[in-house]
Amino acid sequence: MLDAKLVRNEPEKVRQALINRNADTTMLDEFLRLDDEWRKLLQEAETLKAERNSVSEHIAKMKKNKEDATSEIERMREVSQRIKQMDSQLAELDAKTSEILLTIPNVPHESVPVGKNELDNPTIRTWGELRKFDFEPKPHWDLATTLDIIDFDRGSKITGSGFILYKGFGARLERALINWMLDVHTSEHGYKEVFPPFLINRKAMTGTGQLPKFEEDMYHTDKEDDLFLDPTAEVPVTNIFMDEILEADQLPMCLTAYTACFRREAGSAGKDTRGLLRVHQFDKIEMVKFVAPETSYNEHEKLTNNAEDILQRLGIPYRVVLLCTGDLGFSAAKCYDLEIYAPGVDKWLEVSSCSNFQDFQARRANIRYRPEPKGKPEFVHTLNGSGVALPRLVVSLMENYQQADGTIVVPEVLRPYMGVDVIK
RNA sequence: GGAGAGGUGGCUGAGUGGUCGAAAGCGCUCGCCUGCUAAGUGAGUACUCGGAUUAAACCGGGUCCCGGGUUCGAAUCCCGGCCUCUCCGCCA
């Protein structure tokens, strides 16, 4: 959520940001109109309240002195009625402006290039050599099915398409990757491990920006519980400190978590339906940081490097892409995507998005810190990045490490976790 | 699922419808004091919104879990919700 004062005082800056994002600006004008109305009415109401308070105090004194306060009480009865009316009008206006504010996306950072869509995203750097094959590389669904380590048909039988049954070394690989990535982040990158709930309430979902705009993308339990399956660990982990004030010496706070992630992928029906490219439930390691504002862009680079390190250790070639204004997610001010190459499907696959939200989420979730002991609390900056998402990583691993006979070499770093050198 | 108790500042914990943004203690900050530590001693210690201002001081509103209600006036009375704890039942 943007600061209402920013929108109020620099509407043209916000308007330009919306235009650069290909977003609608009519809500902005609506906000400005209602906000102006609200402030005028608020001042009137507060003047009346001040009068009520002082007269009430006076009444108390008169009663103590056994004087007659009937006329004052009569007068205040009317004033109170008017206050009540104004308060309900104010509440209505406030609800409307707040609602609008929740649907306005973040303002992109100045280092983010202006662009229409993903075609305008510049590649910042690349790492690794694409492997040259002396045979035709197979797609992962063929490899996995032949080795009987993923059972796509039975996954669908249990739940539906996009739900995966891993078996044998497929299941083991999933567990190995989760453990290994958490180990790297906790013992080498300085993150603390947490294991949050997977079901999330509405307030937390609003805190990180999934609601109210993207409710259609989420799995929802039912009306009575009103809970959502987490679409990413970003949501439960960022909201750990909802409505709290952190001390400056707790920052930067770096957390990492494994969660299963659930996404309805509404609107992408028919796209990437084969294999593991786009699924409704997947595993992911996430990194989340709470940092002081002046450090957030530096921390953002470090976070991105931490995700890259995972790929480097696995020997997977990748590229880092900077999202342009037109492709940037709703809550982010700046975001790098990490894409890895998968030779079997001949595609670059997104396995990580590393975002700096500045104070956008912190304001929604009310997460603050004290820059000085006893000082005024300020909003922290929040960041997060996948470190990394499993299914597409598994795709790339299988396809890059496949051999001519259909077996898959296990990358060095995973062997202690897998117990074998080759999946066959 | 059943029965009960309770939600007050960073923490513990008082609170009679008006002088309560809230006693007291702990913690913390700044000073004083005894050679250091401990103890003692004085002062200060919540958040938020609107307005004014270069900024602060300043003026006003709101906040004692949340939302309604009663009242001239609510931490206090009434209704609804959420959460926590204890006991019982069920259960991995």
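A crossing is left-handed if the near helix is turned anticlockwise from the far one by less than a right angle, and right-handed if clockwise.

**Ground rules.** I am working on a predicted model, where local features need pLDDT of at least 70, side-chain atom pairs count only at pLDDT 80 or more, and totals for chains, interfaces and linings use all residues. Residues are numbered from 1 along each chain as its sequence is written, chains are lettered from A and ligands numbered from 1 in the order in which they are written, and side-chain values use heavy atoms, with hydrogens and water left out.

**Helix 7 with helix 12.** I looked up helix 7 (residues 169-187) against helix 12 (residues 390-400); helices are DSSP runs of H or I with at least four residues, numbered from the N terminus. Their axes come within 11 Å and cross at roughly 110 degrees, with axes fitted to C-alpha atoms over the stretch in contact and angles running from 0 to 180 degrees between N-to-C directions. Helix 7 is therefore roughly perpendicular to helix 12 (65 to 115 degrees). The crossing is right-handed. Contact (heavy atoms within 4.5 Å) involves Leu173, Glu174, Leu177, Ile178 and Met181 of helix 7, and Leu390, Leu393, Val394 and Leu397 of helix 12. I count these by class as 8 nonpolar, no polar and 1 charged (nonpolar: Ala, Val, Leu, Ile, Met, Phe, Trp, Tyr, Cys and Pro; charged: Asp, Glu, Lys and Arg; polar: the others, Gly among them).

**Helix 7 with helix 10.** Next I turned to helix 10 (residues 296-314), whose axis comes within 11 Å of that of helix 7 and crosses it at roughly 125 degrees. Helix 7 passes helix 10 in a right-handed crossing. Leu177, Trp180, Met181, Val184 and His185 of helix 7 meet Asn306, Asp309, Ile310, Arg313 and Leu314 of helix 10. This contact has 6 nonpolar, 2 polar and 2 charged residues.

**Cavity.** My search of the whole structure gave 1 cavity of 30 Å³ or more (on a 1 Å grid over the protein atoms alone, points where a 1.4 Å probe fits but cannot get out; lining residues have an atom within 4 Å of a point). The largest cavity has a volume of about 60 Å³, the space filled by probe spheres set on the points, which are joined across faces, edges and corners. Its lining includes Leu173 and Leu397, which also take part in the contact of helix 7 with helix 12.

Notes:
1 Å grid on protein atoms, 1.4 Å probe; cavity = no way out; pocket = protein on both sides within 12 Å on 5 of 7 lines; lining within 4 Å. Helix = DSSP H or I, 4+ residues; strand = E, 2+ residues; numbered from the N terminus. Parallel < 35°, antiparallel > 145°, perpendicular 65-115°, else oblique.
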